[in-house]
Amino acid sequence: MDMIQRPRRLRKSETLRKMVRETRVDKSSLIYPLFVKDGENIEEEIPSMDGQFRYSVDRLPYELERLSKAGVSSVMLFGIPDHKDEVGSEAYSEDGIVQRALREAKRQFPDLYYITDVCMCEYTSHGHCGVLCGDNVENDATLELLSKTALSHVQAGADMVAPSDMMDGRVLAIRRTLDENGFKDTPIMSYAVKYASAFYGPFREAAGSAPAFGDRKGYQMDYHNRKEGLKEALLDVEEGADIIMVKPALSYLDVISEVSKEINLPVAAYSVSGEYAMVKAGAKLGYIDEAKIICEMAVSTYRAGADIYLTYFAKELAQFIDEGRIG
Ligand code: PBG
């Protein structure tokens, strides 16, 4: 055959394939989501998320040590309080679960980087991400509570805050509150493009945060929409976000790609609980090769344009990077 172009030339050996790779994965871009819970001596496995645990503050350091040893240097903290009420008071209490966890974690592992999820749904008795007026989640009244929550996290030692509630204007409200209180340099990673997704199912079981009535479609995005994702991202850039997140990851690679092309901030993608649970379930049944799937999901997310990857598989990925199975 008279052919000049032979793409297979560059696929000939592992060394060559690695040399010409377009996407490389680095441990420093991984963030591990971590659940902390009121109580003592608790390390309980989450039923819908094999291999993921809820930790009480006294047991958290053991997990931080494992992460640190694996070379995962950033965590995203989620709090599970014992006490919930209508206005989610524990979210912004100085002695709330996240605030206590931060103080302890920072004391024992000051070199790790601590990001906190800022939302009301784990703290409200009705499970919605804001305060209610009748059945409506009140946007502007919620902004005040989110700002208080973010500030209390930063005062307790959070290095970065990540609002995940999807209220309009919350990035600006949080930015102003942090600035007024002397935290001008604390970055905000906005869950800017967050879809109302069934992929959050296992998380809601993990955090006990499913809404008691209705759903989150009045504030989280409709997954039929791509342009709207860009609108949300651009709004949060204007409001002062430092990092823009797209969530979930796996079914939303088109959105990650679009957002990363259009904005000039780092883009994070969150591979959520349902993605994790599907891989675990499929592997348990012997239907898929867990390690290979983890690597492929991660690489495709970076390939789509993500710079930062939040994943429950962070430790596994760190290990695969060390072993040269991905990279
Ligand atoms: C809080 C929040 C959720 C997730 C992250 N922050 C749940 C939700 O919006 O219902 C989901 C994370 C996951 O599924 O892994 N609002």
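**Cavity, pockets, helix packing and backbone**

The lining of the largest cavity consists of nine nonpolar, four polar and five charged residues, where Ala, Val, Leu, Ile, Met, Phe, Trp, Tyr, Cys and Pro count as nonpolar, Asp, Glu, Lys and Arg as charged, and the others, Gly among them, as polar. This is a predicted model, in which local features need pLDDT of at least 70 and side-chain atom pairs count only at pLDDT 80 or more, while totals for chains, interfaces and linings use all residues. Residues are numbered from 1 along each chain as its sequence is written, and side-chain values use heavy atoms, with hydrogens and water left out.

**Cavity**

- The structure holds one cavity of 30 Å³ or more; on a 1 Å grid over the protein atoms alone, a cavity is a set of points where a 1.4 Å probe fits but cannot get out, a pocket is an open set with protein on both sides within 12 Å along at least five of seven lines, and lining residues have an atom within 4 Å of a point.
- The largest cavity holds about 170 Å³ of space, a volume being the space filled by probe spheres set on grid points that are joined across faces, edges and corners.
- Its lining has 18 residues, of which F78, K194, Y200, F203 and K247 are the closest to the centre.
- At least two lining residues of the largest cavity come from each of β9 (189-194) and α6 (201-207), helices (H or I, at least four residues) and strands (E, at least two) being DSSP runs numbered from the N terminus.

**Pockets**

- The largest pocket contains about 330 Å³ of space, and among its 14 lining residues R21, C295, V299, R325 and I326 lie nearest its centre.
- Helix α10 (residues 290-304) gives the largest share of that lining, with seven residues, and by class the lining of the largest pocket has four nonpolar, four polar and six charged residues.
- The second largest pocket contains about 220 Å³ of space, and of its 13 lining residues N136, V137, M167, G218 and Y219 are the closest to its centre.
- β7 (136-137) and α7 (227-238) each supply at least two residues of the lining of the second largest pocket.

**Helix packing**

- The axes of helix α4 (residues 139-155) and helix α5 (residues 170-180) come within 9 Å and cross at roughly 45°, the axes being lines fitted to C-alpha atoms over the stretch in contact, with angles from 0 to 180 degrees between N-to-C directions.
- α4 and α5 are therefore oblique to each other, since angles under 35 degrees count as roughly parallel, over 145 as roughly antiparallel, 65 to 115 as roughly perpendicular and the rest as oblique.
- Contact, meaning heavy atoms within 4.5 Å, joins L143, L146, S147, A150, L151 and V154 in α4 to R170, A173, I174, T177 and L178 in α5.
- Helix α9 (residues 273-284) packs with α10 at an angle of about 155°, their axes being 9 Å apart, which makes α9 roughly antiparallel to α10.
- In this second pair, E275, V279, K280 and A283 of α9 make the contact with E290, I293, I294 and M297 of α10.

**Backbone**

- The peptide bond from K247 to P248 is cis, with omega near -10°, and P248 is found in the loop between β10 (243-247) and α8 (253-262).
- N41, although not a glycine, has a positive phi of about 55°, and N41 is found in the loop between β1 (30-37) and β2 (43-45).
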